[in-house]
Amino acid sequence: MSLLPLADAQQRVWSTIESMGTITIPIGESRGMVLGQNVVAKENIPPFANTGMDGFAVRSEDITDASADSPVELTIAGTIAAGAVAERPLEAGEAMRIMTGAPIPDGADAVIMVELTDTDGPDASTVRCNASVAPRNHVRPAGDDLIAGTELFEPGVVITPAHIGMFATLGLEDVEVVQRPRVGVFSTGDELITGPQALGPGQIRDSNRPQLLALVAEAGLEPVDLGWLPDDEAVIEQALRDGSQKVDALLTSGGVSMGDFDFVKTILQKLGDMHWMQIAIKPAKPFAFGTVLGKPIFGLPGNPVSSAVSFELIARPALLKMMGYSDTQRRSVWALADEPILRSPDGKTHFTRVRVWESVDGAPRVRSAGAQGSHQLSGLALANGLAAIPDGDGLQAGDRVRVILLD
Ligand code: AMP
Ligand code: MG
């Protein structure tokens, strides 16, 4: 069986996946989700002209001649706190104390900041202005940020904290977003145990399930722990049937390679409409994708590094597409090998676990993060990137390489 280029595998999965429907949720729960509606400013923001500084509202023409050497004295005609309004318009020769965010009183056209004035204490009846100010000085006009009717955001926007701030500014309580997929994670294999108890002969601890649940959560999706499955056809079949009812997408790890007890493969062949892939990458060559009872399922390989790498390269972008994202790729950078990173030709792209850092000259550099076996999770745990090393003999120090950033 010839190996499938990674881009073809990604495309095959990507093109099958559809975005979830939309729901309406409180704005405070919408961070990281994808907007499903247009957002239009219904009112001017700010709604009224207000001051950007603490100081005195004045008529700029009254203090044209003011300077530190010859201050101009004005009568204090009141105080306007944020949230209050002036009791009457400002008249010639007057100033009103005004706090940041308070409405500019009628009659005033500028604010002189408190630092450019002197008064004889809080009860003073006059203020000395030590400088002139231009008309509109420190005045933030109504609609200075947004004019009523402005179309601000369109469907497809990924919601950040600043968007949530804008929703609140506009008086939105709820917002329509693409649903967050619930992603169920199974682990499979008779050799697996969880928890601290002593390992029996041939046993290892289940690391894929906690790792995949964490990867799902880190991507902003909703993880659902569907537990561990023994290598037993009937149990696996029932669990996949039940699991597919509870979640929007399924991840399994293990049981999809060529072994005698790889029953996940047998059951998926029976229940699912599956693509079996041998991808031209190392680690994570075997991969299965399809639908089981209407739900997308990703059959990840069992080795811990392989399952994480196939999640990163194929499942994660597809799951983000379900959540409405159009840009589903991790950030990547070109980096210079800081040491030789050698490999042998085998027709595959190697995703080497690396440490990438910004060097003093500004160019990112990479070194191997440690052990590179697909069972050697320690190397992945020490890595913050996956370097895509093309087929061939690897890199010499100073060679350029594309690195997918994991953090
Ligand atoms: P399999 O594809 O089921 O043959 O698994 C391949 C390798 O991955 C074997 O060495 C398994 O023991 C190991 N493996 C499978 N699932 C897990 C898991 N959940 N946690 C840790 N190792 C696993
Ligand atoms: Mg197994």
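This is a predicted model: local features need pLDDT of at least 70, side-chain atom pairs count only at pLDDT 80 or more; totals for chains, interfaces and linings use all residues.

Reply: An oxygen atom of ligand 1 sits 3.2 Å from a polar backbone atom of Gly302. Gly302 is also one of the residues that come nearest to ligand 1, along with Glu191, Asp206, Ser207 and Gly255, out of 17 residues around it. Asp206 uses its side chain: an N or O atom there is 2.8 Å from a nitrogen atom of ligand 1. With Asn208 it's the backbone instead, where a polar atom lies 3.3 Å from a nitrogen atom of the ligand.

Now for a pair of helices. Helix H4 covers residues 233-246 and helix H5 covers residues 263-271; their axes come within 9 Å and cross at roughly 50°. An angle from 35 to 65 degrees falls between roughly parallel and roughly perpendicular, so H4 and H5 are oblique to each other. The crossing of H4 past H5 is right-handed. On the H4 side, the contact is made by Glu233, Ile236, Glu237, Leu240 and Arg241, while H5 brings in Phe263, Val264, Thr266, Ile267, Leu268, Lys270 and Leu271. Sort those contact residues by type and you get 7 nonpolar, 4 charged and 1 polar.

One last stop is Asp144, in the loop between strand E10 (139-140) and strand E11 (151-153). Beyond its neighbours within four places in sequence, Asp144 is in contact with Ile45 and Pro46. Pro47 is 97 residues away from Asp144 along the chain, yet their C-alpha atoms are separated by 8.9 Å.

Terms used
Residues are numbered from 1 along each chain as its sequence is written. Chains are lettered from A and ligands numbered from 1 in the order in which they are written. Side-chain values use heavy atoms; hydrogens and water are left out. Axes are lines fitted to C-alpha atoms, for helices over the stretch in contact, and angles run from 0 to 180 degrees between N-to-C directions. Helices (H or I, at least four residues) and strands (E, at least two) are DSSP runs, numbered from the N terminus. Angles under 35 degrees count as roughly parallel, over 145 as roughly antiparallel, 65 to 115 as roughly perpendicular and the rest as oblique. A crossing is left-handed if the near helix is turned anticlockwise from the far one by less than a right angle, and right-handed if clockwise. Contact means heavy atoms within 4.5 Å. Ala, Val, Leu, Ile, Met, Phe, Trp, Tyr, Cys and Pro count as nonpolar, Asp, Glu, Lys and Arg as charged, and the others, Gly among them, as polar. A residue is near a molecule or strand if one of its heavy atoms lies within 4 Å of it. A polar contact is a pair of N or O atoms within 3.5 Å; within protein, one must be able to donate a hydrogen and the other to accept it, and residues adjacent in sequence count only if both atoms are side-chain atoms.
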